[in-house]
Amino acid sequence: LLTGCGEFGKGASSYNSTWGQTFGRSENVPPPQETIKPQPAPQPAPQPVPQPWPQPTLAPTRPTAPTLNVASRRFPCGDNGILRLDKEMPVQVQLNVPFEYTIKVFNETSNTINNVVVREQVAENLKVLGSYPQASTDTNTLAWRLGSIGAESVAQITIQGVATAISPALQCTTMTCGNPICVATEVVQPELILIKVLPDEALVCDIIPMRVGVKNIGSGTAQNVVIHDVLPANMESINGETKLTFYVGALAAGQAQEFTAELRASRTGRYKSMATVTSANTPTTESAPVGVTVGKPALEISKAGPSKCALGTLLN
């Protein structure tokens with residue numbers, strides 16, 4: 001039956017004949033109209049003997065020389081992570097024929113790395129024709145300020161150059177990256193003003209009051225502030241001093257300090273002078289000149305009356 005499966009479906013007569021020959025006549029099956037001689041069972045076709053799979057014959061090949069010089073290095077970027085710099089240059093270039101090479105910066109971390117700067121030292125026998133992105137040039141050094149490179153991202157620099165002499169063109173590349181450590185310092189400039197005050201007039205016998213004041217109108221603290229006042233000739237303090245010194249010390253921004261002194265003059269006249277102030281971190285400053293006029297009191301008594309008068313007359 002298995003070998004005759006292909007005969008099924010060719011018609012009812014063939015089906016009934018096969019059924020009757022195999023299982024005998026059935027009362028429900030009509031007798032065949034013709035006698036069919038039994039046929040020998042078909043023999044299975046011989047199966048081909050498996051042959052070994054032919055192995056391909058490989059023609060001998062010559063190893064190919066590399067076309068690129070590739071260098072790779074990782075650069076630490078502080079606490080942010082590490083960047084990998086890959087540089088690819090042709091193994092050989094022809095004299096005076098332009099060529100290109102690339103610099104790639106890979107951020108293999110999950111953090112954005114900032115302030116990425118790539119610098120290239122240009123060989124003496126190599127002329128750079130241009131680059132993308134555009135580089136800034138300082139003598140024989142190219143610099144690319146790439147800024148920030150995102151997590152798991154890459155930045156590429158393409159440079160076009162031409163060799164100008166037959167000798168190896170050695171191109172050296174460095175990179176800096178990471179957030180800088182920033183410390184701010186305040187820039188200040190202390191500035192002192194000085195004022196000296198005297199009365200407009202006085203007498204030789206008077207004690208003359210004097211006031212001097214200093215103020216820091218700048219920023220920052222003025223250090224070791226000292227006021228100096230050299231008195232004019234014929235004038236001194238009540239203690240006999242002709243040079244007065246007032247020690248202020250440190251004077252913060254906006255602060256002021258005032259001093260007083262008592263003077264006297266030995267002669268009449270106009271006395272004019274100024275004071276100066278010095279400090280360790282400001283220039284010497286002078287006050288405006290001030291003067292006092294010293295006079296001397298003079299009393300004059302006169303008496304007049306008639307040369308003659310009558311007895312008992314009231315004189316005015």
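**Salt bridges and what they join**

Tutor: Start with Glu108, which is partly exposed at a relative accessible area of 39%. The scale works like this: buried means under 20% relative accessible area, exposed means over 50%, and partly exposed lies in between (1.4 Å probe, protein chains only). Keep in mind that this is a predicted model, where local features need pLDDT of at least 70, side-chain atom pairs count only at pLDDT 80 or more, and totals for chains, interfaces and linings use all residues. Residues are numbered from 1 along each chain as its sequence is written, and side-chain values use heavy atoms, leaving out hydrogens and water.

Now find the partner. Glu108 and Arg84 meet through their side chains in a salt bridge, 2.3 Å from N to O. Glu108 lies in the loop between β3 (99-107) and β4 (113-121), and Arg84 in strand β2 (residues 82-90), so the pair ties together parts that are 24 residues apart in sequence. Strands here are DSSP runs (E, at least two residues), numbered from the N terminus. A salt bridge needs a side-chain nitrogen of Lys or Arg within 4 Å of a carboxyl oxygen of Asp or Glu.

With 17% relative accessibility, Arg84 counts as buried. Its charged end also sits over the ring of Phe106, 4.1 Å from the ring centre. For that, CZ of Arg (or NZ of Lys) must be within 6 Å of the ring centre and within 35 degrees of the ring normal.

How many salt bridges does the structure hold? The count is 7. Another is formed by the side chains of Glu258 and Arg211, 3.1 Å from N to O. That pair links distant parts of the chain: Glu258 is in strand β16 (residues 256-265) and Arg211 in strand β12 (residues 208-216), 47 residues apart. Glu258 is partly exposed at 47% relative accessibility. Arg211 is partly exposed too, with a relative accessible area of 43%.

Next, look at Glu236 and Arg264. Their closest N and O atoms are 4.0 Å apart in a salt bridge. Glu236 is in strand β14 (residues 235-237) and Arg264 in strand β16, so this pair ties together parts 28 residues apart in sequence. Glu236 counts as partly exposed at 29% relative accessibility. Arg264 counts as partly exposed at 38%. Elsewhere, salt bridges that share partners join Arg74, Arg84, Asp86 and Glu108 into one network.

Now see the sheet around β12, β14 and β16. An open sheet of 4 strands runs in the order β10-β12-β16-β14, with antiparallel pairing. The edge strands, each pairing on one side only, are β10 (192-197) and β14. From one strand to the next, the twist averages 30 degrees. Its axes are lines fitted to C-alpha atoms, and angles run from 0 to 180 degrees between N-to-C directions. β12 and β16 pair in the antiparallel sense over 8 bridges. Two strands pair if DSSP finds at least two bridges between them.
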